[in-house]
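Reader: I would like to learn how to read helix packing and aromatic pairs in a model. Please take me through one case of each.

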Amino acid sequence: MKKRGFAFLLGLLMLTFIGGCGNKEEPLRFGFVEGLPAMGALRLMEDAGEAEGEQDMVFTMEASLEELAPKLLDGEVDIALMPVEEAASLYHESGGAVKFAAANIQNMYYVLEKGEETISRIWHLEGKTVYAAGKGTVAEELLCCLLLAVRLVPDQDLEICWLESEEEVLSRLESEEHAVALLPEPFVTEALGRVSNLHVVLDLAGAWDSGGMEGRLALTGLLVREEFASRHPEQVYAFVEKYREAVNDLFWNPEEGLALAKTHGVFGSAATAETIRESGIVCLDGEPMEKAVRGYLRTLCDRNPDLTGGKVPDNGFFLRKE
């Protein structure tokens, strides 16, 4: 599917940000990757653009994580929004030079069923063929962790047909009468707009919470350069609080969130305000964040240590207020 909206590199955008915190002579540089997880970042960027205050911010939006991660390690950005498992890997790679500050809990992956609804629990996937894209990514690990938790063995108790792209998954949903698929947003919204008699039957975040899995589905979060945080702690803490407020506001004001998503091409034309609300997006920091992330990373690491850089990060991974 063609990317919409900000499919190009946004570059550096100097904006004024409310807060009055930290060193005015050194702007805080925030980087993120375009897509659904960046909705909170886009909201923060728009809020900053409308504000008149004392602190300068630099926003950089990249087309891929491969472009963003080196900029954080090289000191070109001070805080980056990225997948939690990638944050753990960078923590190990950098020798602890980055710290994790906040996590986004969000329903991003969904199971869809075409025709009669026969699935309402993970174990109802037994005997099914599930179409999906993203083999070798966190999408595969999340699904497999949930299946194994109910003693379903992939490719033994059910078939997972891994396709090259989400567009191929959509094609299978269109062409087969009783197809089942795993898709992330915004492809779920696109599928519901394209395929008749299609239903969302499971969300992986809900299945994770109700299935007694460790931690919570903390898919993305804020990673901070430790050197910057040590020199400007109040500036960083104020930013994290503003970011948390921006993310959580999306849930309570879904109409505004929908307008933001459509402005930046995050959702297709079939999206509604309920799409935003059902994402259940919430940003956590402090002890609730640590508990959610630690358990989530431990579960991923047990399944595939390579995803988290070989091991679960120690307590030094988390940015804590002194």
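Author: What follows covers a helix pair and then a ring pair. The model is a predicted one.

Reader: How is the packing of two helices described?

Author: Two packed helices are described by the angle between their axes and by the distance between those axes. Here, take helix H3 (residues 84-93) and helix H12 (residues 286-303): their axes come within 10 Å and cross at roughly 85 degrees. Angles of 65 to 115 degrees count as roughly perpendicular, and H3 and H12 are therefore roughly perpendicular to each other.

Reader: Which residues make the contact of H3 and H12?

Author: On the H3 side they are Val84, Glu85 and Ala88, and on the H12 side Val293, Tyr296, Leu297 and Leu300. Sorted by class, this contact of H3 with H12 has 6 nonpolar residues, 1 charged and no polar.

Reader: How many aromatic pairs does a search of the whole structure find?

Author: The search finds 9 aromatic pairs. One joins Phe30 and Phe239, with ring centres 4.9 Å apart and planes at 65 degrees; planes over 60 degrees apart count as edge-to-face, so this pair is edge-to-face. Phe30 lies in strand S2 (residues 28-33) and Phe239 in helix H9 (residues 233-252), 209 residues apart, so the pair links distant parts of the chain.

Reader: Are Phe30 and Phe239 buried or exposed?

Author: Buried means under 20% relative accessible area. Phe30 has 0% relative accessibility and so counts as buried. Phe239, at 1%, is buried too.

Reader: Which residues do ring pairs link into a cluster?

Author: The cluster linked by ring pairs consists of Phe30, Phe32, Phe59, Phe239 and Tyr243.

Terms used
Residues numbered from 1 in each chain as written. Predicted model: local features only at pLDDT ≥ 70, side-chain atom pairs only at ≥ 80, totals over all residues. Heavy atoms only, no water. Axes fitted to C-alpha atoms, helices over the stretch in contact; angles between N-to-C directions. Helix = DSSP H or I, 4+ residues; strand = E, 2+ residues; numbered from the N terminus. Parallel < 35°, antiparallel > 145°, perpendicular 65-115°, else oblique. Contact = heavy atoms within 4.5 Å. Nonpolar A, V, L, I, M, F, W, Y, C, P; charged D, E, K, R; others polar. Phe/Tyr/Trp six-rings, centres within 6.5 Å; stacked < 30°, edge-to-face > 60°. Buried < 20%, exposed > 50% of the residue type's maximum accessible area, 1.4 Å probe, protein only.
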